[in-house]
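Please keep the structure open as you read.

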Amino acid sequence: MEVKKAKSAGFCFGVKKAMETVYQQIEQNQGKPIYTFGPLIHNEEVVKELKSKGVEVVDTVEELKNLKEGIVIIRSHGVSKDIYKIMEENGIECVDATCPFVKRIHKIVEKESAVGKQIIIIGNDGHPEVEGIKGWSSTPAIVVEKEAEALEFSCKSDEKICIVSQTTFNYNKFQELVEIFEKKGYDISVVNTICNATEERQTEAKKIAAEADVMIVIGGTHSSNTRKLYEICKNECENTHFIQTLGDLNLDLPKSVRLVGITAGASTPNNIIEEVQNYVRINF
Ligand code: F3S
């Protein structure tokens with residue numbers, strides 16, 4: 001029997017980098033208070049482990065304002081410009097683990113809004129990444145997620161518009177929304193800032209699930225990207241299991257099983273993936 005693990009399973013490049021940054025900081029700054037602004041990733045185990053190593057989570061801007069010492073690590077989602085200012089004013093050391101793909105959006109938004117363009121962000125309003133992007137526009141940015149919002153939009157006919165996207169937004173939906181804006185006849189520049197990590201993970205999962213007799217999807221039950229992976233795999237492979245950790249795996253594999261596929265959501269740590277992979281390899 002063969003076990004095939006998706007290369008794109010688990011953390012994307014930006015999250016991996018942020019994780020490495022935190023561990024580096026722990027090593028280099030023994031005894032200094034270290035914080036992350038918001039949980040580093042949506043995985044309770046990881047947040048707990050970091051806490052055990054002394055890394056606390058600062059959840060709100062108010063809490064951040066009250067900090068008077070220590071290091072604050074910015075997670076891969078990035079933050080608005082104000083957050084950097086608050087830290088600077090309070091003498092807090094900032095370690096920036098913003099994903100470079102998100103940083104690129106900040107730069108575009110800062111530059112384009114500075115020359116007077118209206119910024120439109122295609123994404124989910126309220127998502128931390130989108131909140132961060134908004135905070136780089138010198139004039140209020142507009143967030144559009146649904147067709148109705150795009151249809152409703154209007155501005156002065158001579159106004160210039162710059163459209164960017166949240167990195168994890170669906171490409172087809174982005175295209176549809178952009179077309180609505182284009183049809184309105186405004187002067188629009190569109191920068192596709194979607195990161196293909198999510199899409200790559202889904203495409204690879206689909207491919208493996210199509211060949212596999214059994215498919216295992218690892219991730220948090222609340223993680224929407226893991227749920228999506230599960231749906232994609234289940235469509236290709238009836239025998240698909242959704243687990244959070246090895247403890248949830250209840251496998252009884254018949255002899256006829258030739259290929260077991262494994263993939264994992266974006267916030268699943270590598271050690272959990274490996275544990276599952278080794279277990280399947282050794283026991284079947
Ligand atoms: Fe990950 Fe950065 Fe893309 S955080 S999903 S690699 S934008």
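Which residues does Gln25 touch, not counting residues up to four places away in sequence? They are Ile34, Ile71, Ile73 and Val95, where contact means heavy atoms within 4.5 Å.

A word on the basis: this is a predicted model, in which local features need pLDDT of at least 70, side-chain atom pairs count only at pLDDT 80 or more, and totals for chains, interfaces and linings use all residues. Residues are numbered from 1 along each chain as its sequence is written, and side-chain values use heavy atoms, leaving out hydrogens and water.

Gln25 belongs to helix H1 (residues 13-28); helices are DSSP runs (H or I) of at least four residues and strands (E) of at least two, numbered from the N terminus. Gln25 has 9% relative accessibility, so it counts as buried (under 20% relative accessible area, 1.4 Å probe, protein chains only). Its side chain makes a polar contact of 2.8 Å with that of Asn29 (a donor and an acceptor, N or O atoms, within 3.5 Å; residues adjacent in sequence count only if both atoms are side-chain atoms).

Now to the sheet. An open sheet is formed by 4 strands in the order S3-S2-S4-S5, with parallel pairing (at least two DSSP bridges per pair). Strands S3 and S5 each have a single partner strand, so one side of each lacks a neighbour in the sheet.

| Strand | Residues |
|---|---|
| S3 | 55-58 |
| S4 | 71-74 |
| S5 | 93-96 |

S4 and S5 are joined by 4 bridges, and Val72 has Cys94 as its bridge partner in S5.

How values were computed:
Buried means under 20% relative accessible area, exposed over 50%, partly exposed in between (1.4 Å probe, protein chains only).
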